[in-house]
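Open the model in your viewer and keep the selection panel at hand. The tour below goes stop by stop.

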Amino acid sequence: AVYVLMLMCLIIFRMLSKELLFDSTLKYISLVPELSSFVYRPWTILTYSFVHAVNPIAHLLPNMLMLYWFGTIIQEFIGSRRLINLYLLGAFSGGLLAILIYNFVPYFSTNVQNVTIIGASGSVMAIVFAAATLVPDYTFFLFLLGPVRIKYIAFFFFLISLAGVTGLNAGGGIVHLGGALL
């Protein structure tokens with residue numbers, strides 16, 4: 001719902017030649033790990049996980065599918081209230097790890113002022129890893145692969161996230177790992 005609302009706002013703002021207004025609104029709810037910015041917008045440690053970049057639906061769709069598939073497992077075993085708590089804690093832990101790494105690891109701290117983080121990936125990774133921890137031998141039947149235990153799926157996502165930590169979307173990789181560590 002938030003994605004569709006953002007898409008509609010972007011379309012309207014573009015047609016009115018007010019795209020900068022959209023960008024400044026998005027920055028107000030995005031996580032900026034630079035401490036001097038974060039201090040003035042502490043709510044962004046949660047709000048970033050409810051918005052997503054409008055253009056790459058190819059990244060949003062897998063996130064939402066994983067949220068549905070793994071969230072169903074969590075909901076079945078420990079309930080929907082804990083699923084919501086896990087989502088929020090995943091966002092918090094992913095955001096906190098990003099803030100810590102971008103401010104205290106020299107490789108990242110040189111570029112911290114240019115980093116903006118949005119997306120549900122940290123929360124989704126928290127849910128994926130919680131399901132893999134809760135029922136590691138639960139099996140999904142994957143197209144072209146057949147039956148795969150979710151502990152291997154989670155490990156695969158961990159490796160992909162770890163590999164992305166120094167890539168173009170380093171913030172996303174760090175947030176993934178923060179959610180997974182939770």
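**Stop 1: Ile12 in helix α1**

Select Ile12, which sits in helix α1, residues 2–15. This is a predicted model.

Ile12 and Val124 lie 112 residues apart in sequence. Their C-alpha atoms are 30 Å apart in space.

**Stop 2: Helix α8**

How many residues of α8 are buried? The count is 11 of the 14, so α8 is largely enclosed by the rest of the structure. Colour the buried residues: Ser121, Gly122, Ser123, Val124, Met125, Ala126, Ile127, Val128, Phe129, Ala131 and Ala132.

**Stop 3: Asn63 in helix α5**

Next, pick Asn63 in helix α5, residues 57–78. Asn63 has a relative accessible area of 4%; because buried means under 20%, Asn63 is buried.

What does Asn63 contact, leaving aside its neighbours within four places in sequence? Show His52, Ala120, Ser121 and Val124: Asn63 is in contact with these residues. Ser121 and Val124 are among the buried residues of α8.

**Stop 4: Helices α6 and α10**

Select α6 (residues 80–104) and α10 (residues 170–181). The two helices pack with their axes 7 Å apart, at an angle of about 130 degrees. They are therefore oblique to each other. Their crossing is right-handed.

Show side chains at the contact. On the α6 side, look for Gly90, Ser93, Gly94, Leu97, Ala98, Ile101 and Tyr102. They meet Ala170, Gly171, Ile174, Val175, Leu177, Gly178, Gly179 and Leu181 in α10. The residues of this contact divide into 9 nonpolar and 6 polar, with no charged.

**Stop 5: Leu144 in the β1–β2 loop**

Finish at Leu144, in the loop between β1 (139–142) and β2 (146–149). Check the backbone here. Most residues other than glycine have a negative phi. Leu144 is not a glycine, yet its phi is positive, about 70 degrees.

Is Leu144 buried or exposed? With a relative accessibility of 75%, Leu144 counts as exposed.

Methods:
Residues are numbered from 1 along each chain as its sequence is written. This is a predicted model: local features need pLDDT of at least 70, side-chain atom pairs count only at pLDDT 80 or more; totals for chains, interfaces and linings use all residues. Side-chain values use heavy atoms; hydrogens and water are left out. Axes are lines fitted to C-alpha atoms, for helices over the stretch in contact, and angles run from 0 to 180 degrees between N-to-C directions. Helices (H or I, at least four residues) and strands (E, at least two) are DSSP runs, numbered from the N terminus. Angles under 35 degrees count as roughly parallel, over 145 as roughly antiparallel, 65 to 115 as roughly perpendicular and the rest as oblique. A crossing is left-handed if the near helix is turned anticlockwise from the far one by less than a right angle, and right-handed if clockwise. Contact means heavy atoms within 4.5 Å. Ala, Val, Leu, Ile, Met, Phe, Trp, Tyr, Cys and Pro count as nonpolar, Asp, Glu, Lys and Arg as charged, and the others, Gly among them, as polar. Buried means under 20% relative accessible area, exposed over 50%, partly exposed in between (1.4 Å probe, protein chains only).
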